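Please open the structure in your viewer and keep the selection panel at hand. The tour below goes from one selection to the next and says what is there at each stop.

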Amino acid sequence: MSSSRILIALLWLALAPATFAAPPVHEFTLDNGLKILVREDRRAPVVVAQIWYKVGSSYEPSGLTGISHLLEHMMFKGTPDVPGGEFSRLIAANGGNHNAFTGRDFTAYFQTLEKDRLELSFRLEADRMRHLLLDPEEVAKEKQVVAEERRLTTDDRPQALTREQFHAAAYVTSPYRNPIIGWMQDIENTTPEDLRRWYQQWYAPNNATLVVVGDIDPEQVRDLAEKHYGPLQTSDLNPPRPAAEISQLGERRIVVKTPAEVPYVMLGYKVPTLKSGDEEWEPYALAVLDGVLDGGNSARLSRHLIRGSQVAASVGAGYNLTSRLEELFVLAGNPAPGRSSAELEQALRAEVARLREDLVDPDELARVVAQVVAADVYQQDSLFYQGMRLGILETVGLGWNRLDDYVARIQAVTPEQVREVARKYLIDDRLTVATLEPLPLDGSRPAAPDAGVDHHAIR
Amino acid sequence: MPNLKWLLSGILTAGLLLASNPVVAVPEIQHWRTANGVPVYFIAARELPMVDAQILFDAGSARDGERPGLAMLTNSSLEEGAGDWSADVIADRLERVGARLGTSSRRDSAVVSLRSLTEPRYLQPAVDTVARLLKEPTFAPEALNRVRQQMLTALQGRAQSPGAIAQDAFYQALYVSHPYGSPPHGTAASLNAITRDEVRDFHRRHYTVANVVVAIVGDLDRSGAEQLADALVGGLPEGETIPPPPPVPALTASQTLRIPHPASQSHLLIGQVGISRADPDYHVLYLGNHILGGGGLVSILAQEIREQRGLAYSAYSAFSPMRQAGPFLMNLQTRNDQVDTALEVAQTTLRAFTTDGPEVQVLEEARQNITGGFALNLAGNRNLANYLGVIAFYGLPLDYLENFIGVMNGMTLEQVRTAWQRHVQPERLVTVIVGGEPVPLAAPTQPDS
């Protein structure tokens with residue numbers, strides 16, 4: 001055993017220099033505050049343009065949940081110069097593809113185009129940054145579309161429904177308690193006037209970052225951006241009030257009963273992120289810990305729970321160190337046939353306890369580092385993903401250049417640090433557990449739960 | 001406002017639509033056979049120090065025979081043990097060099113894919129590992145049972161998903177006793193019945209030189225790619241070519257299936273038997289479908305269902321060509337009480353499109369989208385590898401990518417319309433509806449109307 005340990009340690013050293021430098025990022029800022037990031041990638045005659053707004057579901061007050069996402073839908077519904085539907089039609093007719101996505105901390109729009117057509121993206125995005133029409137009829141129709149989206153992605157998916165309830169139970173004051181798509185009643189009650197205020201407040205050059213990756217000259221991007229985005233007016237930004245999560249004083253548990261076949265259990269521990277924490281090394285140590293548990297098929301959860309004890313049919317861990325606010329380190333899975341959620345929960349807690357008690361092996365760390373080093377190369381295969389990493393870091397307020405030392409910071413994490421974050425954060429008093437209890441799928445609806453407990457009874 | 005009158009309004013369109021198609025530099029496909037006779041397709045991409053390799057076997061669920069799920073169980077169990085290596089050892093060997101292994105199994109093909117850094121000290125151990133699990137998987141009883149249990153859990157997951165239930169029912173209704181009707185993920189009865197000998201026998205007959213192709217994209221020269229291919233599949237036994245599945249009989253009558261499910265939304269699948277990958281009408285139907293429902297929000301179906309009526313979040317149509325005729329289908333999801341309306345709109349849209357064909361302007365814009373966007377589809381090694389895998393598996397011509405834009409530009413509106421009428425019969429469709437009874441809802445609030 002010890003000889004293979006040495007071999008692996010050597011491999012680790014051998015792997016370290018493999019880091020393959022990504023092309024540099026060029027950064028500009030227009031007078032109106034629009035920040036522009038450009039990365040040249042000349043592999044194909046293609047360019048991706050993404051515009052990132054600092055607004056998302058974590059900015060939303062109670063009663064207006066989902067408004068960032070609904071506004072994202074409305075952004076395709078027209079301006080005085082580009083009527084509804086024209087945006088999509090123009091991009092399509094120019095061989096492009098486009099879409100948008102809303103997160104807790106950002107709303108982003110993107111176009112992928114043949115490189116000579118980048119100006120079309122700037123023209124259209126600049127136009128709808130300040131001149132959106134919010135026609136009441138279109139709003140009413142789009143609310144129906146979003147309601148269908150909610151049914152498709154959450155209401156009729158037992159695990160997604162459990163996840164939503166899990167977040168609502170884990171957080172008390174943090175806006176991360178609300179779903180990105182919004183509660184159904186809030187989707188229904190949002191008015192065109194609400195949307196107009198939301199739009200005017202957040203959609204402005206001084207609240208946005210333009211990211212361009214592809215076969216393009218940075219100076220050309222700057223000139224085009226100056227031409228189209230330069231004339232746009234700024235907005236008076238009122239940052240959302242601080243809504244830090246209050247201290248959790250003990251373990252929380254919820255049960256979600258819904259028609260389903262497969263049991264599911266989720267565990268989440270409150271942990272800091274790069275933006276929300278005090279100690280800068282801690283999020284990197286948590287990211288490594290995540291890799292120790294779930295960095296592939298060789299990591300502990302697969303090795304111990306799917307193969308070893310065979311208590312899980314599927315299992316995973318997740319942690320996002322770039323979130324703006326305090327996060328959950330999540331462990332979740334489906335018990336194997338014949339095993340219970342309680343057994344799986346105990347097995348997951350035992351894995352966490354082991355991390356608190358024992359130092360991780362150097363060869364486990366070596367494997368995590370090897371995967372991070374390789375992933376750093378693989379990620380450069382996608383223009384879109386390169387842009388996405390830059391956009392998120394900038395939009396949550398960390399700054400894109402955090403990318404530069406990411407691999408080095410991961411490599412610097414020690415076994416002691418992994419144990420330290422486990423001891424500090426992965427403890428019962430910071431834990432929320434949600435269990436999905438399947439009800440029969442016999443075609444009939446279950447009895448409505450107590451009012452106020454399950455919002456889906458509202459339907 | 002948004003409708004199908006393609007107004008060329010405003011200065012924004014001026015000039016842009018007239019832009020000619022960009023010259024797309026299509027990467028060269030190199031093709032050869034390994035010493036033991038395996039066809040190899042290769043695109044050199046020298047910019048990033050990485051490689052993607054796909055090993056595609058003619059070993060999908062169409063080969064399941066009496067045992068639905070056998071092909072997938074075999075494919076999924078490859079990485080569970082090989083030679084004297086356990087699953088732990090295999091995973092460790094790959095992940096300590098940062099390699100990523102993927103396995104997947106569909107109706108026609110069973111695929112093993114590898115992504116790795118190209119420096120030999122990383123690539124070599126990864127390739128040795130993959131070669132061994134292709135050639136000498138152990139299919140240990142304990143490992144097989146574990147994968148079997150995982151597949152049973154996945155089956156339960158499908159049973160709680162109205163979309164998955166609809167898909168299974170649709171394929172079953174369309175293909176009846178044809179091999180494509182066999183669900184790739186199996187049935188509970190079949191999964192429980194499959195023996196280790198059956199898995200070993202399936203592997204022995206299908207994972208052979210006679211039934212495999214290799215597609216490689218990455219930072220290698222020709223000789224490096226030759227060595228890689230040899231290392232991956234050089235040890236496979238010769239085997240015998242297995243004849244393709246039989247042709248698919250056309251539908252003889254319409255059929256509507258309503259399956260109850262306690263969901264707030266109903267899933268609709270409407271379609272029929274479509275075309276094979278070798279069908280001479282492939283491109284013209286691709287263009288036609290792009291207009292009807294394959295082109296995103298600007299397609300007719302999305303306009304009618306979503307943009308104009310707000311009936312669904314997602315509404316699309318697709319051909320899924322396979323070795324033999326794959327399905328043509330339209331798919332949408334809508335609140336239970338809107339099912340009849342949405343179904344009517346979808347049927348009417350298909351009928352009108354079949355009878356009238358697309359408008360000239362719509363056809364031109366779809367063509368612009370496809371040809372102008374072709375460079376996007378070829379950007380990145382992952383995209384190239386996926387194209388190359390299809391070309392390799394279905395034996396498409398080496399100049400397929402090179403000719404694609406020319407073929408698209410050569411098609412006329414009349415060709416689209418007549419090809420569509422040859423292949424699509426709106427009066428003969430399978431319709432599957434999975435969802436709940438419309439429940440009394442509080443009337444949706446529309447505060448602004």
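Throughout this tour, a residue is called buried when its relative accessible area is under 20%, exposed when that area is over 50%, and partly exposed in between, as computed with a 1.4 Å probe on protein chains only. This is a predicted model, in which local features need pLDDT of at least 70 and side-chain atom pairs count only at pLDDT 80 or more, while totals for chains, interfaces and linings use all residues. Residues are numbered from 1 along each chain as its sequence is written, chains are lettered from A and ligands numbered from 1 in the order in which they are written, and side-chain values use heavy atoms, with hydrogens and water left out.

**Stop 1: a salt bridge within one helix**

Select A:Arg197 and A:Glu193, which form a salt bridge with their closest N and O atoms 3.7 Å apart; the term stands for a side-chain nitrogen of Lys or Arg within 4 Å of a carboxyl oxygen of Asp or Glu. Both residues lie in helix α8 (residues 192–202) of chain A, four residues apart, or about one turn of the helix. Helices (H or I, at least four residues) and strands (E, at least two) are DSSP runs, numbered from the N terminus. A:Arg197 counts as partly exposed because its relative accessibility is 49%, and A:Glu193, at 38%, is also counted as partly exposed.

**Stop 2: a salt bridge between two helices**

Next, select A:Arg389 and A:Asp376, whose side chains meet in a salt bridge (3.7 Å, N to O). A:Arg389 belongs to helix α14 (residues 383–395) of chain A and A:Asp376 to helix α13 (residues 362–378) of chain A, so this pair ties together parts that are 13 residues apart in sequence. With 19% relative accessibility A:Arg389 counts as buried, and A:Asp376 is buried at 16%.

**Stop 3: the two domains of chain A**

Colour residues 22–228 of chain A as domain 1 and residues 252–439 as domain 2; these bounds come from an automatic or database domain assignment. The centres of the two domains, taken over C-alpha atoms, are separated by 28 Å. Their contact (heavy atoms within 4.5 Å) takes 41 residues from domain 1 and 38 residues from domain 2.

How much area do domain 1 and domain 2 of chain A bury between them? The value is about 3500 Å², 67% of it on carbon and sulfur atoms, where buried area is the accessible area (1.4 Å probe) that two parts lose on being put together, summed over both. On the side of domain 1, A:Gln159, A:Thr162 and A:Phe166 supply 18% of the area buried against domain 2, more than any other three residues.

Across this domain interface there are four salt bridges. To see a salt bridge between side chains, select A:Arg43 and A:Asp381, which meet at 3.0 Å, N to O.

**Stop 4: a helix inside chain B**

Turn to helix α1 (residues 70–77) of chain B, where seven of the eight residues are buried, so the helix is largely enclosed by the rest of the structure. The buried residues include B:Leu70, B:Met72 and B:Asn75. What do the buried residues of α1(B) pack against? Their partners are β4 (81–82), β6 (100–105), β7 (110–117), α4 (141–159) and α7 (196–206) of chain B.

**Stop 5: where the chains meet**

Now show both chains: 82 residues of chain B are in contact with 85 residues of chain A. Together the two chains bury about 7500 Å², with 59% of it on carbon and sulfur atoms. Seven salt bridges cross this interface, and B:Asp92 and A:Arg367 can be selected to see a salt bridge of 2.5 Å, N to O. Helix α4(B) gives the most to the side of chain B that touches chain A, with eight residues.

**Stop 6**

Finally, select B:Arg309 and B:Glu304, whose side chains meet in a salt bridge (2.9 Å, N to O). B:Arg309 is partly exposed, with a relative accessible area of 38%, whereas B:Glu304 is buried at 16%. Over all chains, the structure holds 65 salt bridges.
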